[in-house]
Amino acid sequence: MNFKELYKKLPLTWEERTLKDYIKLSPILNDDETEPIDEDIVTVKMLLDLNKNIHVLSLLTDVSVEAIEALKMGELTQLISVKSSYQCLL
């Protein structure tokens with residue numbers, strides 16, 4: 001799946017989603033991550049956040065994690081910014 005197809009599948013508002021969608025996303029968005037020890041905490045936190053965003057995008061678009069991971073970083077950043085614009089409602 002290419003970037004444009006994935007972008008079109010991404011909902012822009014929560015009004016486009018169902019309660020079932022929110023229930024699917026809830027465990028990912030509300031997980032309590034433990035602080036890593038003996039690691040570069042900033043890098044680990046960034047990678048954990050990126051992984052979480054990839055899984056949320058996958059659930060929102062019904063596209064595999066692997067397909068999303070195959071995107072260029074700039075494309076992924078654009079999709080995350082669209083997702084983030086309505087995620088604050090959680």
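This is a predicted model: local features need pLDDT of at least 70, side-chain atom pairs count only at pLDDT 80 or more; totals for chains, interfaces and linings use all residues.
**Entry 1**

I then turned to the largest nonpolar core, which has 16 residues. Leu57 is among the members that touch the most other members, together with Leu6, Leu10, Ile68, Leu71, Leu76 and Leu79. Looking up which elements give two or more residues to this core, I wrote down α1 (3-9), α3 (41-61), α4 (65-69) and α5 (73-87).

**Entry 2: the aromatic pair**

How many aromatic pairs does a search of the whole structure find? I recorded one.

Are the two partners buried or exposed? Phe3 is buried, at a relative accessible area of 16%, whereas Tyr7 is partly exposed, at 37%.

**Entry 3: the salt bridge**

My search of the whole structure for salt bridges returned one. In this salt bridge Lys24 pairs with Asp62, and the closest N and O atoms are 3.9 Å apart. I noted that the distance has to be read against the cut-off, since a salt bridge is counted when the nitrogen is within 4 Å of a carboxyl oxygen.

What does the pair tie together? Lys24 lies in helix α2 and Asp62 in the loop between α3 and α4, so the bridge joins parts that are 38 residues apart in sequence. For accessibility I wrote down 35% for Lys24, which therefore counts as partly exposed, and 60% for Asp62, which counts as exposed.

**Entry 4: a nonpolar patch on the surface**

Lastly I looked for nonpolar side chains on the surface, and I found a patch formed by Leu19, Tyr22 and Ile23, which together have about 310 Å² of accessible area. I followed up Ile23, whose place is in helix α2 (residues 19-29). With a relative accessible area of 51%, Ile23 is exposed, a class that requires a value over 50%.

Definitions and conventions: Residues are numbered from 1 along each chain as its sequence is written. Side-chain values use heavy atoms; hydrogens and water are left out. A nonpolar core is a set of buried Ala, Val, Leu, Ile, Met, Phe, Trp, Tyr and Cys residues joined through side-chain atoms within 4.5 Å. Buried means under 20% relative accessible area, exposed over 50%, partly exposed in between (1.4 Å probe, protein chains only). Helices (H or I, at least four residues) and strands (E, at least two) are DSSP runs, numbered from the N terminus. Patches are made of residues with over 30% relative accessible area and no salt bridge: like charges are joined within 9 Å, nonpolar side chains (Val, Leu, Ile, Met, Phe, Trp, Tyr) within 5 Å. Accessible areas come from the Shrake-Rupley method with a 1.4 Å probe; for residues, only the protein chains shown count as cover. Rings of Phe, Tyr and Trp (its six-membered ring) pair if their centres lie within 6.5 Å; planes under 30 degrees apart count as stacked, over 60 as edge-to-face and the rest as tilted.
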